[in-house]
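User: Could you walk me through the labels on this model? I'd like to see what stands behind each one.

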Amino acid sequence: MTYCLGVITRYGLIMAADSRTNAGVDYVSTAQKLFDLSLPGERVILVCTAGNLSMTQSVLTLIRRDRKAEIPGNINELTTMYDVAHYFGEKTRQVLDQHQDWLQKDNISASCSFLVGGQIKGELPELYMVYSQGNFLRATRNSPFLQIGEIKYGKPILDRIINYDETSLDAAAKCALLSLDSTMKSNISVGPPINMAMYEADTLKVGYRLKLERGDPYLLRLRKSWETSLRQAFKKLPNLAWHDNEDQDQDNHLVMTDILP
């Protein structure tokens, strides 16, 4: 399992991913899940992957091979991010058709998914999620983030913080790291290194990258500060207005008496 997320605002795009591919009592492995397929000055394309690792690696290999061989319709020739998402869907179906039956014989899931975000010159930045079946959906102003993998633990903070028009890229990046940290806190199948990229709209180049290893001082400081702030906020919450048990029992008795014949 893994956890990846993309956040889009009017200022640009944040893409982040953990690196864990397997977890168990005595076995943990890691692999890169965030990739840059950009052509600086012309297009920025950032990709996060989740699911069956052999499937996602095969899809990326096919895409890179077509680009290197300058196959007509390769990723460098597509004119919109919609077309890029569609292209990823086609390649995913191609790989799925080749391997799904064989994987199913051994009860191995072929499921995989991608986050594809970026900007092509002349177009607005966009963010898409591509499913195993090849279909996809786009992040919108009202839903400005997308997640793949182990999504449930990191979603609440995104729901409360991310706003397309108001959230700066720096704030979105901190929120993304807290979302990842919350997931790592609750699920052993998600873990560092964490890779993150920040793209400023209309620059057509990925200007900022970050890799946080296990025990990174900033990540530890962020976690400690967040946990301290949560505890302080919790202590300031108003107390519950409990009903007295005797009063409640009396009220229940009166209600029962009223309905008896």
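Predicted model: local features only at pLDDT ≥ 70, side-chain atom pairs only at ≥ 80, totals over all residues.

User: Where is confidence lowest, and where is it highest?

Analyst: pLDDT is the predictor's confidence in each residue, from 0 to 100. The chain averages 90, and 91% of the residues score at least 70. Helix H6 (residues 245–259) is lowest at a mean of 57, and strand E8 (residues 126–130) highest at 98. Helices (H or I, at least four residues) and strands (E, at least two) are DSSP runs numbered from the N terminus.

User: Why is the pair of tyrosine 82 and tyrosine 128 called edge-to-face?

Analyst: Rings of Phe, Tyr and Trp (its six-membered ring) pair if their centres lie within 6.5 Å; planes under 30 degrees apart are stacked, over 60 edge-to-face, the rest tilted. Here the centres are 6.5 Å apart and the planes at 75°, so the pair is edge-to-face. Tyrosine 82 sits in helix H2 (residues 81–105) and tyrosine 128 in strand E8, 46 residues apart. Tyrosine 128 also pairs edge-to-face with phenylalanine 136, at 5.7 Å and 80°.

User: What makes tyrosine 128 buried?

Analyst: Buried means under 20% relative accessible area, exposed over 50%, partly exposed in between (1.4 Å probe, protein chains only). Tyrosine 128 has 4%, so buried it is. Tyrosine 82, at 45%, counts as partly exposed.

User: Why is strand E10 called largely enclosed?

Analyst: In E10 (residues 145–149), 4 of the 5 residues are buried, so the rest of the structure largely encloses that strand.

User: How do you know that strand E1 and E10 pair?

Analyst: Two strands pair if DSSP finds at least two bridges between them. E1 (residues 3–9) and E10 have 5, running antiparallel, so they qualify under that rule. Cysteine 4 stands opposite isoleucine 148 in E10.

User: What makes E10 and strand E12 edges of the sheet?

Analyst: The order in this open sheet of 5 strands is E10-E1-E2-E11-E12, with antiparallel pairing. E10 and E12 (208–212) each have a single partner strand, so one side of each lacks a neighbour in the sheet.

How values were computed
Residues numbered from 1 in each chain as written. Heavy atoms only, no water.
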